[in-house]
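Open the model in your viewer and keep the selection tool at hand. Each stop below says what to select and what is there.

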Amino acid sequence: MSIQIQQKLRQANLKITQARVVVLKVLWEQQEHLTVKQIYQQLYLVHQKMSLSTIYRVVCDLEKAGLI
């Protein structure tokens, strides 16, 4: 799955970062829409420490690129 995510980020002309890959993976694995806080909580459960501000920034970047 991460290879597909990396390809999508490249196609959107976004730099491939761990934060973007992880957040996009969480969003693609869900059946419903998630808030930034819900994304944060899911990442925390799998021991991925990331600040809320980083998640907000990543979500904004992904939205502008049309990936979400």
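Predicted model: local features only at pLDDT ≥ 70, side-chain atom pairs only at ≥ 80, totals over all residues.

Residues are numbered from 1 along each chain as its sequence is written, and side-chain values use heavy atoms, with hydrogens and water left out.

**Stop 1: the core**

Select Leu-9, Val-23, Ile-39, Leu-43, Met-50, Ile-55 and Leu-62, which have the most contacts inside the largest nonpolar core, a group of 20 residues. A nonpolar core is a set of buried Ala, Val, Leu, Ile, Met, Phe, Trp, Tyr and Cys residues joined through side-chain atoms within 4.5 Å. Buried means under 20% relative accessible area, exposed over 50%, and partly exposed in between (1.4 Å probe, protein chains only). Two or more residues of this core come from each of α1 (2–11), α2 (18–29), α3 (36–45) and α4 (52–64). The helices are DSSP runs (H or I, at least four residues), numbered from the N terminus. With 7 residues, α2 gives the most to this core. In soluble globular proteins, nonpolar side chains tend to be buried together.

Leaving aside residues up to four places away in sequence, Leu-9 touches Leu-14, Ile-16, Arg-20, Val-21, Leu-24, Leu-62 and Leu-67; contact means heavy atoms within 4.5 Å.

**Stop 2: helix α3**

Which residues of α3 are buried? Select Val-36, Ile-39 and Leu-43 to see them. Looking down the axis of α3, its buried residues fall within an arc of 60 degrees (taken from the directions from the helix axis to the C-beta atoms), so they line one face of the helix. They pack against α2 and α4. On the other side of α3, Lys-37 and Leu-45 are exposed.

**Stop 3: α2 against α3**

Show both helices. α2 and α3 pack at an angle of about 105 degrees, and their axes are 11 Å apart. They are therefore roughly perpendicular (65 to 115 degrees) to each other. Val-22, Val-23, Val-26 and Leu-27 of α2 make the contact with Ile-39, Gln-42 and Leu-43 of α3.

**Stop 4: Ser-2**

Finally, select Ser-2, in helix α1. Ser-2 is partly exposed, with a relative accessible area of 34%. The C-alpha atoms of Ser-2 and Leu-43 are separated by 16 Å, and the two residues are 41 residues apart along the chain.

Key:
Axes fitted to C-alpha atoms, helices over the stretch in contact; angles between N-to-C directions. Parallel < 35°, antiparallel > 145°, perpendicular 65-115°, else oblique.
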